[in-house]
Amino acid sequence: MSSTRGNPAAVDELKGEGDTSADPPAIWTFIVLDSASFAVFFAVFMAERLAQPALFDASSRLLDVRLGLTNTLILITSSWLVALAVAAGRRGDLRRLRAGLLGGILVGSAFAVLKLIEYITKLAGGITPQTNDFFGYYFCLTGIHFVHYLAGMIVLLVLLARARKSQAVDPELMGWAVSGGIFWHLIDLLWVFLFPLLYLLGRVK
Amino acid sequence: MNLATLSSSNPYQYVRVCAWAGPLVLVIAVVFWAALGQNIPPYSAAMEVNAFAEAFRAKAHLIRVGMVGMIMGGVLYMVWGLAISKVMESIERHNNVLSTLQMWGAGLTTLFFMIPPGIWLTATFRAESTAPETLQLLYDLGWMLFDMTVPVTMVQFAAFGVCVLGDRRRMPVFPKWLGWMALYLAGSFALFALMPFFKAGAFSRSGAVNFWVEFNLFFLFMLLTSVFVLRAITRLEAEHAASHPAS
């Protein structure tokens, strides 16, 4: 245990708690690194695609565009609701903050349902990550995105629980809501890249 | 620095020395494990077995020196971990769970600087008379352990990241972005789980993601954390001196 605890007032001044809600959220470090990783994934996918264009196009046409498009709309809508929640929080409107988060979670949960249906349908049809390079990347990239999505849903649930316990919108709640909202938008943004890359590119004549 | 003040009680005695173990183990890893050990990048898992054996035997004498250096120096990672934990203790308010987890994570990560290099060292020991398939198997075994024991490092970095983000001081001990970087690395290390499924490509042991991105970020994080740990020790020593004036 640290023996620096319980220091006199002189040190308390150095240690004092401050309102850092006006600072740019430090989560941007995470967002930039994570986005850069996905940029590498996308570049790797495109490089592999150049090597085997016919295989990648034929495999891509086996994906269900309707499911992919619906999931895109689901994530954009959910992201919009979370953006409304954060905007309400900034106005001090706790009721709408909670409602926006709840809406974002409910709409967002449909993404998991459709994604799991898609995975199960593919696996039942004998298509696995080992089928070929395209499906290797399909399962890896959407799987990594799905892990992000699950983390994002947990973040939203924790935020909602925190907002339900609060009596008013405090700076700490707002700080976490802004950071959580940014992370949720990232998940939406990454899918907006993944959808055309995996589902649409193979259909372009 | 008032040495008379610190001589009575200095909770950060030896911590600075321990913190320097971070940059030192980093240099050892780059020189011995990476450069001499022929790991920039490692031999691809897609190499044909005889081509691999020929390439490995040609460099076995260098790899042997590299792995001996890494094994002898690897323990410094644990020493570095202790310095991080001592600084984390100044942030913790309720208990020492996070600093303890970080210490255990660092201590166990130390093993991956010792056991896989021990396996690669074994492969070099009789490289000329060892069958190509056996050489490749030993090389693969080293890499499986090296990449797949990463969860202990994930725990180390996650505990550090959560602690940094929970710092409530007006001037946090570590910058918050470093905490987010730690959490990002903890998460991104999960990508090593894809390594056993690929012999080539971005997720293979020598690929763009699981070698170039992950290891460069890991080493960069070690360097940044060492710098901020050393700065934090200076500040914490000053705080301690201010709160314990010489009598």
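Mentor: Two residues are in contact if their C-beta atoms, placed from the backbone, lie within 7 Å. Keep that in mind for chain B. The model is predicted.

Start with α8(B), residues 151-165. At 1.5 Å a residue, its 15 residues should span 21 Å, and the end C-alpha atoms are 21 Å apart, which agrees. Buried residues in α8(B) include B:Phe157, B:Phe160, B:Cys163, B:Val164 and B:Leu165. B:Thr153 and B:Gln156 are buried too. The cover over the buried residues of α8(B) includes α4, α5 and α9 of chain B.

Follow α9(B) next. Helix α9(B) covers residues 176-188, and α10(B) covers 208-243. Their axes come within 11 Å and cross at roughly 150 degrees. That angle is over 145, so α9(B) and α10(B) are roughly antiparallel. The crossing is left-handed. From α9(B), B:Leu178, B:Met181, B:Ala182, B:Leu185 and B:Ser188 take part. Among their partners in α10(B) are B:Glu214, B:Phe218, B:Phe221 and B:Phe228. The contact residues divide into 9 nonpolar, 2 polar and 1 charged.

Now another pair. Helices α2(B) (residues 15-36) and α3(B) (residues 49-74) pack at about 160 degrees, with axes 7 Å apart. These two are therefore roughly antiparallel. The crossing of α2(B) and α3(B) is left-handed. On the α2(B) side, B:Val25, B:Ile28, B:Ala29, B:Phe32, B:Trp33 and B:Leu36 make the contact. The α3(B) side includes B:Gly66, B:Gly69, B:Gly73 and B:Gly74. This contact has 10 nonpolar residues, 4 polar and no charged.

Conventions. Residues are numbered from 1 along each chain as its sequence is written. Chains are lettered from A and ligands numbered from 1 in the order in which they are written. This is a predicted model: local features need pLDDT of at least 70, side-chain atom pairs count only at pLDDT 80 or more; totals for chains, interfaces and linings use all residues. Axes are lines fitted to C-alpha atoms, for helices over the stretch in contact, and angles run from 0 to 180 degrees between N-to-C directions. Helices (H or I, at least four residues) and strands (E, at least two) are DSSP runs, numbered from the N terminus. Angles under 35 degrees count as roughly parallel, over 145 as roughly antiparallel, 65 to 115 as roughly perpendicular and the rest as oblique. A crossing is left-handed if the near helix is turned anticlockwise from the far one by less than a right angle, and right-handed if clockwise. Ala, Val, Leu, Ile, Met, Phe, Trp, Tyr, Cys and Pro count as nonpolar, Asp, Glu, Lys and Arg as charged, and the others, Gly among them, as polar. The expected span of a helix is 1.5 Å times one less than its number of residues. A residue is buried if 20 or more other C-beta atoms lie within 10 Å of its own, exposed if 12 or fewer, and partly exposed in between; C-beta atoms are placed from the backbone.
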